[in-house]
Each structure stands twice: as C-alpha cells, then as structure tokens.
Amino acid sequence: MEVTWWGHATCTIEDSGVRFLTDPLFARRLAHLRRRRGAPPPPEAAVAEAVLVSHLHADHLHVPSLARLAPGTRLIVPRGAPRAVPGLRKLDGQGLRLTEMEPGDVVAVEGVTVRAVPALHDGRRLPMGPHRSPALGYVVEGEARTYFAGDTGLFDGMAEAVGPVDVTLLPVGGWGPYLGHGHLDAGRAAQALAALSPVAAVPVHYGTYWPIGMDGVRPHEFHSPGDEFVRHAARLAPKVAVHLLGHGQRVRPEVAR
C-alpha cells in the first residue's frame, strides 16, 4: 500500500490497486484561508475509485473540489450530509455515486473494505445548521489496515472503536493559531498513536492553510506540528515508524500482515 499527502487532510491511499482520496481540498484559497505551503494537488490527485469525506466543515467537504471528480467515483460521506449540504445533491445528479455512512457501517470498494468509525468533532456544516451528520474516521482494509482520522480529539475507547490498524493518518495541527475542542495537537496525536499502536504513521492537517493577514501570529503553530509530533511519538510510541512527508510526497510503509 502507498500513502501520498497532498496537504491539509487530503491524502491518497492506494491499497490492492484501489485508490481512495481523503477530504479533497484543491483550492488556493478558502474563505479567509490561503494555501501558504505546497502547490495545489495536480489533476491526477482527483483520480480515485472512492473519496472519503470525514465531516461537513468546508475545509473537509469542499464542493468545488469534489466537482473535479470523474463521473462514477464513489463519494462516501457522513449520514445526512446531502440534506445539510445541497451542493452534494447536485454532484449526485452529475454522476458521482453517493454513499452515506455512520459509525459501524461497512462498505466494499472493488474488494477493499471501508469501515466508518467515530470521531470526536463538531459535525455541523458551519456556520449554520443543527447537528445533522456525525464526524467520522475511516479504516480502509485491503493489504493493510489504514486509519484516516479526519478531525478528532482524544476520546475514551478510541483504540477499541478504531480497532487494530497498521497505518494511521493523524491530524497534528490546524489552520489557525489556536485549536478548538475536538482537535489533536502534536502531543495529543502522539497519545492517540500510543493507544492505537500501529506499525507506521503519517502526520497530516498542518502546515498548509493559514488565515490571511495572520502570518506573524503564532507562526510556530503553522510550521512546527509535524516535527513536534515526531518528537512526541519517539517518546510515547517508539516502535512506530513515523513518516514526515512534504506536500506531494508519498511513502510505502513497511507493513507485515
């Protein structure tokens, strides 16, 4: 299996010849956020058999980025997402195959299993609307078991809810100078790593987008989370191989099954 990090929470997971794209965000700018590091993903990044959307926030469910997907692509979203985000219904009518999931649901994509797992995060489509959809993580199981956490905080029973995994894609930062409730910083991500005990890990969700006009406000929160995660992981989960990727870089973790 192979993992490519395109920036923020956008990754390609390729397992058993099947490509999964996570939370695609291809924009140079999103509202008050500007992409400060790494070029936007190239057109080939939009090629996937299935797309995994973790929750409804616009930097994870970005309708213009989803519109770049080829007809026939399976779009896996939290249950209730089409009601909360009308643009999804339009994409469904344009040839994307929409699948709604909630924790515990399982779907097969060309022989590879995708299981939805819980996440501790606000699942609303902000800035308006009630809680209509759960925030999710996903475990992709083919030749390896790969956990994409989406956005989440630490929660009781996290390791039990996720189950045994070989590779984890964990958020370690954010897009602003302060992280709110329901997020992992580098230290808490390392605690999650120790609980999950995978073979390998890739830190994501940092060092890509930052609010316009705030370049000088707590810049270490933009630049340092990846390195901090490596340092904390070496202390809390020394047996896990941590792969610190640059934008557009890929890795084939050594996973023995």
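# A predicted chain, from strands to cores

Gly-7 stands opposite Thr-10 in strand S2. Strands S1 and S2 run antiparallel, and five bridges join them.

## The whole chain

The chain holds seven helices and 17 strands. Its C-alpha trace spans about 50 × 45 × 35 Å along the principal axes. How does the radius of gyration compare with that of a compact globule? For 257 residues, such a globule would have a radius near 18 Å; the chain has 17 Å, so the two agree. Of the 257 residues, 53% count as buried.

Contacts also reach along the sequence. Take those with a separation of 6 or more: residues 24 or more positions apart account for 67% of them.

## The open sheet

Strands of a sheet pair through backbone hydrogen bonds, either parallel or antiparallel. Here, seven strands form an open sheet with mixed pairing. Their order is S8-S7-S6-S3-S2-S1-S17. Which strands are at the edges? They are S8 (97-101) and S17 (250-251), and each pairs on one side only.

Now look at S7. Strand S6 (residues 50-52) pairs with S7 in the parallel sense, over three bridges. Ala-50 stands opposite Arg-74 in S7. S7 also runs parallel to S8, and five bridges join these two. Within S8, Glu-100 is the bridge partner of Val-77.

Is S7 (residues 74-78) buried or exposed? Five of its five residues are buried, so the strand is largely enclosed by the rest of the structure.

## Asp-15 and its neighbour

Asp-15 is found in strand S2, which covers residues 10-15. It counts as buried because its relative accessibility is 0%, and buried means under 20%. Leaving out residues up to four places away in sequence, Asp-15 touches Met-1, Val-112, Gly-142, Glu-143 and Ala-144.

Move on to Ser-16. This residue lies in the loop between S2 and strand S3 (18-22). With 40% relative accessibility, Ser-16 counts as partly exposed.

Most residues other than glycine have a negative phi. Ser-16 has a positive phi, near 55°. Ala-31 also has a positive phi, near 55°. Ala-31 sits in the loop between strand S4 (29-30) and strand S5 (33-35). Is Ala-31 buried or exposed? Its relative accessible area is 58%, so Ala-31 is exposed.

## Aromatic pairs

How many aromatic pairs does the structure hold? There are two. The table sets them side by side.

| Pair | Distance between ring centres | Angle between planes | Type |
|---|---|---|---|
| Trp-5 and Tyr-206 | 5.3 Å | 15° | stacked |
| Trp-210 and Phe-222 | 5.6 Å | 75° | edge-to-face |

Why is the pair of Trp-5 and Tyr-206 called stacked? Its planes are at 15°, and planes under 30 degrees apart count as stacked. Trp-5 lies in strand S1 (residues 2-7). Tyr-206 lies in the loop between strand S14 (200-204) and strand S15 (209-211). The pair therefore ties together parts that are 201 residues apart in sequence. Trp-5 has 1% relative accessibility and counts as buried. Tyr-206 counts as buried too, at 6%.

The planes of Trp-210 and Phe-222 are at 75°, and over 60 degrees counts as edge-to-face. Trp-210 is in strand S15, while Phe-222 is in helix H6 (residues 220-223). The two residues are twelve residues apart, and their pair links distant parts of the chain. Both Trp-210 and Phe-222 are buried.

The charged end of Arg-36 sits over the ring of Phe-222, 4.6 Å from the ring centre.

## Nonpolar cores

In soluble globular proteins, nonpolar side chains tend to be buried together. In this model, the largest nonpolar core has 51 residues. Which of its residues touch the most other members? They are Phe-20, Ile-76, Val-114, Tyr-138, Tyr-147 and Phe-229. Helix H5 (residues 186-196) gives the most to this core, with six residues.

Technical notes: Residues are numbered from 1 along each chain as its sequence is written. This is a predicted model: local features need pLDDT of at least 70, side-chain atom pairs count only at pLDDT 80 or more; totals for chains, interfaces and linings use all residues. Side-chain values use heavy atoms; hydrogens and water are left out. Helices (H or I, at least four residues) and strands (E, at least two) are DSSP runs, numbered from the N terminus. Buried means under 20% relative accessible area, exposed over 50%, partly exposed in between (1.4 Å probe, protein chains only). Contact means heavy atoms within 4.5 Å. Rings of Phe, Tyr and Trp (its six-membered ring) pair if their centres lie within 6.5 Å; planes under 30 degrees apart count as stacked, over 60 as edge-to-face and the rest as tilted. A charge sits over a ring if NZ of Lys or CZ of Arg is within 6 Å of the ring centre and within 35 degrees of the ring normal. Two strands pair if DSSP finds at least two bridges between them. A nonpolar core is a set of buried Ala, Val, Leu, Ile, Met, Phe, Trp, Tyr and Cys residues joined through side-chain atoms within 4.5 Å. The radius of gyration is taken over C-alpha atoms; the globule rule is 2.2 Å times the number of residues to the power 0.38.
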